[in-house]
Amino acid sequence: MSELTSTVSLPDKRGYFGQFGGAFVPEILVPALEELTEAFETAKQDPAFQACYHGLLRDYVGRPTALTFAERLTERLGGGRIYLKREDLCHTGAHKINNAIGQILLARRMGKTRIIAETGAGQHGVATATVCARFGMECIVYMGAEDIERQQLNVHRMRLLGAEVRPAVSGSQTLKDATNEAIRDWVTNVRDTFYIIGSVVGPHPYPAMVRDFHTVIGKEVQTALKEKEGRTDPDMLVACVGGGSNAIGMFHPFLKNEAVRCIGVEASGEGLDGRHAATLTLGEPGILHGALSYLLQDEEGQVSLAHSISAGLDYPGVGPEHAWLKQSGRVEYLSATDDEAMEGVQLLSETEGIIPALETAHAVAGLARIAKETAPQDLIVLNCSGRGDKDMQTIAEALS
Amino acid sequence: MSSLKARIEQVRQAGHKALGMFITSGFPDLTATPDLLKAIDAGGADFIELGMPFSDPLAEGIPIQRSSERALAAGVTMKDTLRFAAEFAAGSDTPLVLMGYGNPIMRYGIDKFFKDARSSGVQGVILPDVLPAPDSPFFRAATENGVDTICLVSPTTPPERAERIDALSSGFVYAVSVTGVTGTDKGDTQPIVDYLRRIRPSIVRNALMVGFGIRSAEDVRSMAAETDGAIVGSALVNLVSACWDNPDLSRSQRLAEVESFVRDLKSGTLS
């Protein structure tokens, strides 16, 4: 079995995780999705592709990333022993590059010459612009006009890397609208264009494919934990969930072991009674961006505007596999507010000397709340999905 | 035979082509829709597509996106749209179909939607993000309630897939003229003509109507020549925007503009 082959058999052939997933797209995209499914299935089994992908993860991204024992955070929270999976140490500063590398290798294999992507916080946009620079490919990144405003640093990075950043000015001018624009571009330029989706969302095969490119996170946790603690599986895993890519990448290799408690932390923004992005907590099943999943929507089925201080979690949808994992009860989903996330930033910065991304800070906040439920001998792994440099302006404003 | 299919067949037997017109429900405001439907009908449309607005219409270009935003801001609901359809059907035998995205229908309740659509006189639906499949809950409910499912083919659709789509389609098959969103500049027509000629032999059970980027009587004439007719949407939406935003025009003048535009388009379908 190749390293990328899934350990859990979903989705089914039509792209469903239980009732969730599928492909809800214009007819124009159907042949492209079929071609992509075929190309990905073939690539997974191809040792040359595997070697190229893992070689780049090692030599370009800097994998494996460290598994850092968080001594002072463990002391402070007073529960089990906490390890941090250091995706913040990846080249470009977040886990997103694992997937960008995988997809651009597929794009090249399929002979596509033009790359498009959507981005929220800008991390996936930067990762995509980076791999496009690395392989000399044209890159267009759609980004909500509001996100361009609050993530200026990443906009500068993308432009320096040679990408064109196109503002999405419709609707909430955030990730949701950037994704609409990217899909419209793809519909228009489908013959020569590869759409690198940045999370485990979108039509089949994207949720499964993006997941598979991120399961390297969970697999490395197994290897490192075995070395440090003598066992591969921890008692608890904690990760933030927007679309859900870093969470699924870490959880997936552990899902078959029911003893591993998996916790996803969503963004509850101003609070669950205010503006928020807690899709799994308060959403209803619905169709957005090509998949059936949970969705923040009104009684007419119009998509609601999400809110989070973290641009990367500010999304009214969520990956369909998370919808299934919630429904099946295999993963627990909590939420953390903007204020709690800000406390999470300070907590990890002060105790460990690691400034996390605002997305990651939600996972820290979730863990701070439940760490006491664990025993001192328990092992906890928190996915430190990204670093906080990009958020310094937002953090400074919130703490002033 | 459904009344939609019968209408297109009737036009064809007379030696002409059919004209379908699209307008967004609740656009530019709730009071406009009933009058707009009547004006489009009076202009000679052979059937009307009434758009059910959605917040995230990913197959639409700017004009229909904006019209949807404006309709939603005006507060249009699915109930309003069904009521507009029922009122129109009570006064005209021109077939009316609903066009829209899966989520608002799912939220309304798929079975309830098709039941209510049928009782509101709706002849068919066009759902650009719901792919044809016999076991799709959308297709099952439509079939059970006798509502036509108008499926789409595109320039990227291979012939064997087009045949399957034809088999699952009723009312007609909608040929998207170009790879792109609605209102796209269709550019050079020769590639479209080639594509329509290529796809046509695969569509044997249904009439074939072409849409996307068709703006004038001349466009209608050239595109309809390869098919059973043409559909115009964004161009009408743009005209309605311009008329309603012009404070110098009275309501009847605005409606007269719309009727005359449709009549002009219809002239492109006559042999």
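**Exercise 1. Determine how many residues of chain B are in contact with chain A, and what area the two chains bury.**

Solution. In this predicted model, where local features need pLDDT of at least 70, side-chain atom pairs count only at pLDDT 80 or more, and totals for chains, interfaces and linings use all residues, 38 residues of chain B are in contact (heavy atoms within 4.5 Å) with 36 residues of chain A. Residues are numbered from 1 along each chain as its sequence is written, chains are lettered from A and ligands numbered from 1 in the order in which they are written, and side-chain values use heavy atoms, with hydrogens and water left out.

The next step is the area. Chains B and A bury about 2,900 Å² between them, 53% of it on carbon and sulfur atoms; buried area is the accessible area (1.4 Å probe) that two parts lose on being put together, summed over both. On the side of chain B, the most area is lost to chain A by B:Asp56, B:Leu58 and B:Arg107, together 24% of what that side buries.

**Exercise 2. Count the salt bridges between chain B and chain A.**

Solution. With a salt bridge taken as a side-chain nitrogen of Lys or Arg within 4 Å of a carboxyl oxygen of Asp or Glu, the count is three. A:Glu27 and B:Arg161 meet through their side chains in a salt bridge, at 2.5 Å, N to O.

**Exercise 3. Explain why the buried residues of H7(A) line one face of the helix.**

Solution. Helix H7 of chain A (residues 152–160) is a DSSP run (H or I, at least four residues; strands are E, at least two), numbered from the N terminus. Its residues A:Asn154, A:Val155 and A:Met158 are buried, that is, under 20% relative accessible area (1.4 Å probe, protein chains only). Seen down the axis of H7(A), these buried residues fall within an arc of 105°, so they line one face of the helix, the arc being that of the directions from the helix axis to the C-beta atoms.

Methods: Buried means under 20% relative accessible area, exposed over 50%, partly exposed in between (1.4 Å probe, protein chains only).
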